[in-house]
Amino acid sequence: MLALTPVITVSYEVKSAFLFLSILEFTVGVLANAFIFLVNFWDVVRKQPLSNCDLILLSLSLTRLFLHGLLFLDAIQLAYFQRMKDPLSLSYQAGLWLTTCLSLLYCSKIARFSHTLLHSAASRVSRKVPQMLLGAMLFSCICTAICSGDFFSRSGFTFTTMLFVNNTELNLQVAKLSFYHSFIFCTLVSIPSLLFFLVSSGVLIVSLGRHMRTMRAKTKDSRDPSLEAHIKALRSLVSFLCLYVVSFCAALVSVPLLMLWHNKIGVMICVGILAACPSIHAVILISGNAKLRRAVDTILLWVQNSLKIGTDHKADPRTPDLC
């Protein structure tokens with residue numbers, strides 16, 4: 001965890017805006033991911049079978065709940081104690097591995113393979129999703145424990161590690177070196193999962209192109225379930241890829257802002273971007289999943305009926321209460 005030095009002060013308005021944005025991102029991210037988790041967990045409670053996609057969404061939403069908590073603690077620490085851990089933290093990598101599992105599942109279930117070897121590999125990936133998911137969740141738990149331990153052991157909440165204590169040149173160089181090594185390690189860890197993600201997404205794009213050419217040659221009907229499945233899967237994967245690239249660039253930019261220029265406002269903007277990306281992707285996942293959309297419609301219908309009943313009751317106060 002690295003401290004901003006020399007002491008960089010920002011105005012009260014900037015700090016308030018940053019904290020308001022952090023609270024808003026935290027609220028949206030927690031609500032969206034808690035919704036995804038509860039919808040799928042309710043099926044577990046009812047002993048309904050979960051598909052591999054549902055299992056991945058369940059795990060991804062749980063991981064991102066912890067991620068949003070860590071990012072919110074980072075925002076508080078940056079605002080009040082001028083400290084920040086590596087911007088591309090291990091907890092971010094856990095989410096990337098889980099999303100990679102989702103992309104591999106989409107690829108194995110939706111893409112059409114003409115080669116026997118590719119078809120066999122896709123079937124094997126589909127069968128191994130639970131094992132991949134278990135490995136990603138174990139990695140996620142380890143990452144969360146490391147990040148949480150790092151935060152509470154060396155955070156600004158402890159009086160012994162305040163910004164104005166032991167702020168020597170040697171400690172600063174050690175902190176910078178540790179920060180740099182942590183960033184490089186997290187970047188290297190993300191490369192394999194990112195490559196798997198890009199390959200599976202590329203296969204889906206090629207499969208979509210072939211399928212569209214076949215459909216044009218056979219029929220003019222555009223309402224093809226397989227084509228719609230291709231498009232929905234690609235929309236989810238491309239949106240995640242764009243958001244991940246944005247967050248990765250924000251993490252890269254935050255390094256010189258933090259280590260060289262000590263620009264607190266710039267670091268705040270980067271932290272805000274890092275927190276916004278998983279929140280936006282959770283909303284996209286909800287909009288692209290049929291079961292989650294049905295759950296949203298059910299909740300909205302229940303709220304509408306409740307408001308209507310309340311309005312009718314106020315309009316006719318003579319209506320007796322039924323106890």
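Mentor: Buried means under 20% relative accessible area. Keep that cut-off at hand. This is a predicted model.

Trainee: Is Phe240 buried or exposed?

Mentor: Compare its value with the cut-off. Buried means under 20%. Phe240 has 6% relative accessibility, so Phe240 counts as buried.

Trainee: How many aromatic pairs are there?

Mentor: Rings of Phe, Tyr and Trp pair if their centres lie within 6.5 Å. By this rule the count is 5.

Trainee: What relative accessible area does Phe197 have?

Mentor: Phe197 is buried. Its relative accessible area is 0%.

Trainee: Phe240 also pairs with Tyr244. Is that pair stacked or edge-to-face?

Mentor: The centres are 6.1 Å apart, with 25 degrees between the planes. Planes under 30 degrees apart count as stacked. The pair of Phe240 and Tyr244 is therefore stacked.

Trainee: About how many helical turns separate Phe240 and Tyr244?

Mentor: An α-helix has 3.6 residues a turn, so residues three or four places apart point the same way. Phe240 and Tyr244 are 4 residues apart in helix α7. That separation is about one helical turn.

Trainee: Which residues do ring pairs link into a cluster?

Mentor: The cluster consists of Phe197, Phe240, Tyr244 and Phe248.

Trainee: Which element gives the most to the largest nonpolar core?

Mentor: That core has 36 residues, and Ile56 and Leu102 are among those with the most contacts inside it. Several helices give two or more residues, including α1, α2 and α3. With 8 residues, the top contributor is α3.

Trainee: Which residues does Ile56 touch, leaving out those up to four places away in sequence?

Mentor: Ile56 is one of the residues with the most contacts inside the core. Its partners are Leu98, Cys101, Leu102, Leu105, Val129 and Leu133.

Trainee: How far apart are the end C-alpha atoms of α2?

Mentor: α2 has 30 residues, and 21 of them are buried. At 1.5 Å a residue, α2 should span 44 Å. The model agrees, because the end C-alpha atoms are apart by 42 Å.

Definitions and conventions. Residues numbered from 1 in each chain as written. Predicted model: local features only at pLDDT ≥ 70, side-chain atom pairs only at ≥ 80, totals over all residues. Heavy atoms only, no water. Core = buried A, V, L, I, M, F, W, Y, C linked by side-chain atoms within 4.5 Å. Buried < 20%, exposed > 50% of the residue type's maximum accessible area, 1.4 Å probe, protein only. Contact = heavy atoms within 4.5 Å. Expected span 1.5 Å × (residues − 1). Phe/Tyr/Trp six-rings, centres within 6.5 Å; stacked < 30°, edge-to-face > 60°.
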